[in-house]
Amino acid sequence: MTGLVPGWAVTAVLLAALVAANLPFVNERLFVVGPRRVPKPTAWRLLELLVMAVLVALLGRAIEGSLGQTSPLRWEFVAVWLCVFFTLAFPGFVWRYLRRH
């Protein structure tokens with residue numbers, strides 16, 4: 001991958017997003033390290049999903065800042081980022097709610 005952003009940075013952020021998007025659905029602990037709740041309510045899972053999206057976005061922003069000048073964030077970027085993050089969360093959602101037990 002050639003361009004302004006190194007390939008390792010893009011790969012790192014996408015892999016972190018993939019893992020973080022599915023964490024709320026594959027464990028019963030609050031924010032991965034908190035107390036265990038069985039069953040964990042859906043509202044907690046959605047809150048964790050939003051917090052993970054923010055944390056991964058901050059990771060990407062930090063990597064971008066370490067590589068050079070950061071670009072301005074507008075609402076379009078945030079909307080696309082949330083759509084990508086929720087799409088990456090689909091396997092965990094299917095595993096938790098749509099598979100037969």
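**View 1. Helix α4 and the position of P91.** P91 is placed in helix α4, which covers residues 90-98. In this predicted model, P91 has a relative accessible area of 48% and is therefore partly exposed, since that class lies between the limits of 20% for buried and 50% for exposed residues. Although P91 and F25 are separated by 66 residues in sequence, their C-alpha atoms are 9.0 Å apart in space.

**View 2. The whole chain, as a setting for the other views.** The protein contains 4 helices and 0 strands, and from the N terminus on its elements follow the order α-α-α-α. The C-alpha trace extends over about 45 × 25 × 25 Å along its principal axes. Of the 101 residues, 26% count as buried, and the protein exposes about 7,000 Å², of which carbon and sulfur atoms supply 73%. When contacts between residues at least 6 apart in sequence are considered, 61% of them join residues at least 24 apart. The side chains include 10 positive and 4 negative ones, and the centres of these two sets are 12 Å apart.

**View 3. The largest pocket and its lining.** The largest pocket holds about 730 Å³ of space. The elements that each give two or more residues to its lining are α1 (7-26), α2 (42-67) and α3 (75-88). A total of 28 residues line this pocket, and those nearest its centre are A57, G60, R61, E64 and F77. Helix α2 provides the largest share of the lining, with 11 residues.

View 4. Most residues other than glycine have a negative phi.

View 5. K40 lies in the loop between α1 and α2. Its relative accessibility is 4%, so K40 counts as buried, the limit for that class being under 20%. Leaving aside residues up to four places away in sequence, K40 touches P24, N27, E28, R29, L30, R45 and E48. K40 and G60 are 20 residues apart along the chain, and their C-alpha atoms are separated by 29 Å; G60 is one of the residues that lie nearest the centre of the largest pocket.

**View 6. L4, in the segment before α1, and its separation from K40.** L4 belongs to the segment that precedes α1. At 87% relative accessibility, L4 counts as exposed, whereas K40, at 4%, counts as buried. The two residues L4 and K40 are 36 residues apart in sequence, and the distance between them in space, from C-alpha to C-alpha, is 42 Å.

Technical notes
Residues are numbered from 1 along each chain as its sequence is written. This is a predicted model: local features need pLDDT of at least 70, side-chain atom pairs count only at pLDDT 80 or more; totals for chains, interfaces and linings use all residues. Side-chain values use heavy atoms; hydrogens and water are left out. Buried means under 20% relative accessible area, exposed over 50%, partly exposed in between (1.4 Å probe, protein chains only). Contact means heavy atoms within 4.5 Å. Accessible areas come from the Shrake-Rupley method with a 1.4 Å probe; for residues, only the protein chains shown count as cover. Lys and Arg count as positive and Asp and Glu as negative; His and the chain ends are not counted. The place of a charge is taken as NZ of Lys, CZ of Arg, CG of Asp or CD of Glu. On a 1 Å grid over the protein atoms alone, a cavity is a set of points where a 1.4 Å probe fits but cannot get out, and a pocket is an open set with protein on both sides within 12 Å along at least five of seven lines; lining residues have an atom within 4 Å of a point. Grid points are joined across faces, edges and corners, and a volume is the space filled by probe spheres set on the points.
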